[in-house]
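Please look over the sequence and the model first, then read the points below.

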Amino acid sequence: MLVERLLIIGIVTLAVLLVWAGVRYWQARTVRSLAQKSPFVGLVPTGKPAVVAFTTPGCRECHFRQAPALARLAGAVNDQVTQVTICTLQAADYPQLVTQLGILTAPATVVLDARGVVRHINLGFVDTPVLLQQVGLLTREVGIRQTTVAG
């Protein structure tokens, strides 16, 4: 009986790890495929890194968790020299972009380098330390300019 339970736990754990690895591989593949494209041309200014958050009107996590995390990101780096742009987009207003990026849920965030190239795609809520790390990989000295893009 105990051996059967341990076997079931092992199988479930392995399944979860395989799904997680598959999602990570899919995200990396999507980011690599976008390396030669600039899907945010005309939406997000280039010349500085950017964090683009996708939201929906009824997304409670977007409003109560992701938006405050973006505000903390802005506060954490606003005294630095180089700026980072933070934009919030309504997912329903950009269906082709959402499809191209493989966004399946809201909230979602996309981190762009200064040339507008997608470097990270985060599905679901992402806290400030992760965003700081992702933006920090793009630039060492970071400041923030926060904008909202109307659809």
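The largest pocket has a volume of about 250 Å³. The model is a predicted one.

**The largest pocket**
- The residues lining the largest pocket are V23, R24, Q27, A28, V31, R119, H120, I121, N122, L123 and Q134.
- Two elements, α1 and β4 (118-123), each supply at least two residues of this lining.
- By class, the pocket lining is made up of 5 nonpolar, 4 polar and 2 charged residues.

- V23 is one of the residues lining the largest pocket, and its place in the chain is helix α1, which covers residues 2-33.

**The cavity**
- How many cavities of 30 Å³ or more does the count give? The count comes to 1 cavity.
- The space in the largest cavity is about 40 Å³.
- S38, F40, V41, V44, T46, L112 and G116 form the lining of the largest cavity.
- Of the residues in this cavity lining, 4 are nonpolar and 3 are polar, and no charged residue takes part.

**The chain as a whole**
- The chain contains 4 helices and 5 strands.
- Read from the N terminus on, the order of the elements is α-β-α-β-α-β-β-α-β.
- The chain has 151 residues, and buried residues make up 39% of them.

- Q66 is placed in helix α2, which covers residues 60-77.
- Is Q66 buried or exposed? Q66 is buried, because its relative accessible area is 2% and buried means under 20%.
- Along the sequence, Q66 and V126 are 60 residues apart. In space, the separation of Q66 and V126 is 6.8 Å, taken from C-alpha to C-alpha.

Key. Residues numbered from 1 in each chain as written. Predicted model: local features only at pLDDT ≥ 70, side-chain atom pairs only at ≥ 80, totals over all residues. Heavy atoms only, no water. 1 Å grid on protein atoms, 1.4 Å probe; cavity = no way out; pocket = protein on both sides within 12 Å on 5 of 7 lines; lining within 4 Å. Points joined across faces, edges and corners; volume = space filled by probe spheres on them. Nonpolar A, V, L, I, M, F, W, Y, C, P; charged D, E, K, R; others polar. Buried < 20%, exposed > 50% of the residue type's maximum accessible area, 1.4 Å probe, protein only.
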